[in-house]
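Biologist: I would like to learn how to read charged pairs and strands in a model. Could you take me through one?

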Amino acid sequence: MLNIREFIPSDAMAVHHLFTQGQLDFAQGTDLEEPVRAYINRSLSDDLSDISLHYQNHNKNNFWVADLSGQIKGMVGIQKRNNEEAELRRMSVAGDARRQGIGWKLLETVEDFCQEQGYSQIFLT
């Protein structure tokens, strides 16, 4: 059963793996692999090093995981840009779980949260 829920610290290893694999799925074996690996390393040492601090330490930010029968199969974060704008960050769905509506459910969660917080726009950078 799919459960979209807020990130908890024990999810960190699974989130790091999902993020890494999600990036490499599209870059491995291409000319982009080296810069993508550098991006992965920067991300894992930046906001993904402490998701609770970067995404859950402010009531206008959050981070969710898609838990499918105890396995993390998706993730997404939202961060405040200003009082009316939020940034969608780190969205990924595991390769073996794509095309099952998980990404859609994560986006619905983000949209509902952003409406509750009074954001009028969501940006993807």
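Modeller: We will go through salt bridges, a charged patch and strand pairing in turn. Keep in mind that this is a predicted model.

Biologist: Let's begin with charge. How many salt bridges does the structure hold?

Modeller: The general idea is that side chains of opposite charge can pair when their charged atoms come close. In this structure there are 8 salt bridges. One of them joins aspartate 67 to arginine 5, with 3.3 Å between the closest N and O atoms. Aspartate 67 belongs to strand E2 (residues 62–68) and arginine 5 to strand E1 (residues 2–6), so this pair ties together parts that are 62 residues apart in sequence.

Biologist: Are aspartate 67 and arginine 5 buried or exposed?

Modeller: Aspartate 67 is buried, and arginine 5 is buried too.

Biologist: Which residues are linked in a network of salt bridges?

Modeller: That network links Asp47, Glu87, Arg89 and Arg90. Let's take it pair by pair. Arginine 90 and aspartate 47 meet through their side chains, at 2.6 Å from N to O. Arginine 90 is in strand E4 and aspartate 47 is in the loop between H2 and H3, so the pair ties together parts 43 residues apart in sequence.

Biologist: And what does arginine 89 form with aspartate 47?

Modeller: Arginine 89 forms a salt bridge with aspartate 47, and here the closest N and O atoms are 3.9 Å apart. This pair also links distant parts of the chain: arginine 89 sits in strand E4 (residues 85–93), aspartate 47 in the loop between helix H2 (33–45) and helix H3 (51–55), 42 residues apart.

Biologist: Why does arginine 89 count as buried?

Modeller: A residue is called buried when its relative accessible area is under 20%. Arginine 89 has 18% relative accessibility, so it counts as buried. Aspartate 47 has 2%, so it counts as buried as well. Arginine 90 is likewise buried.

Biologist: Now the surface. Where do Glu108, Glu111, Asp112 and Glu116 gather?

Modeller: These four residues gather in a patch of negative charge on the surface. Take glutamate 111 as an example: it lies in helix H4 (residues 102–117). With 45% relative accessibility, glutamate 111 counts as partly exposed.

Biologist: In which sense do strand E3 and E4 pair?

Modeller: Strand E3 (residues 71–80) and E4 pair in the antiparallel sense, over 6 bridges. To find the pairing on your screen, look for glycine 74, which stands opposite valine 93 in E4. E3 and E4 form a hairpin, with 4 residues between them.

Biologist: How many bridges join E4 to strand E5?

Modeller: There are 4 bridges between E4 and strand E5 (residues 121–124), and these two strands run parallel. Glutamate 85 stands opposite glutamine 121 in E5.

Biologist: One last exercise: how far apart are asparagine 3 and lysine 105 in sequence and in space?

Modeller: They are 102 residues apart in sequence and 9.4 Å apart in space, C-alpha to C-alpha. Asparagine 3 is found in strand E1, and at 39% relative accessibility it counts as partly exposed.

Key
Residues numbered from 1 in each chain as written. Predicted model: local features only at pLDDT ≥ 70, side-chain atom pairs only at ≥ 80, totals over all residues. Heavy atoms only, no water. Buried < 20%, exposed > 50% of the residue type's maximum accessible area, 1.4 Å probe, protein only. Patch = residues over 30% accessible without salt bridge, like charges linked within 9 Å, V, L, I, M, F, W, Y side chains within 5 Å. Areas by Shrake-Rupley, 256 points an atom, 1.4 Å probe, with all protein chains shown as cover. Lys, Arg positive; Asp, Glu negative; His and termini not counted. Charge placed at Lys NZ, Arg CZ, Asp CG, Glu CD. Pairing = 2+ DSSP bridges.
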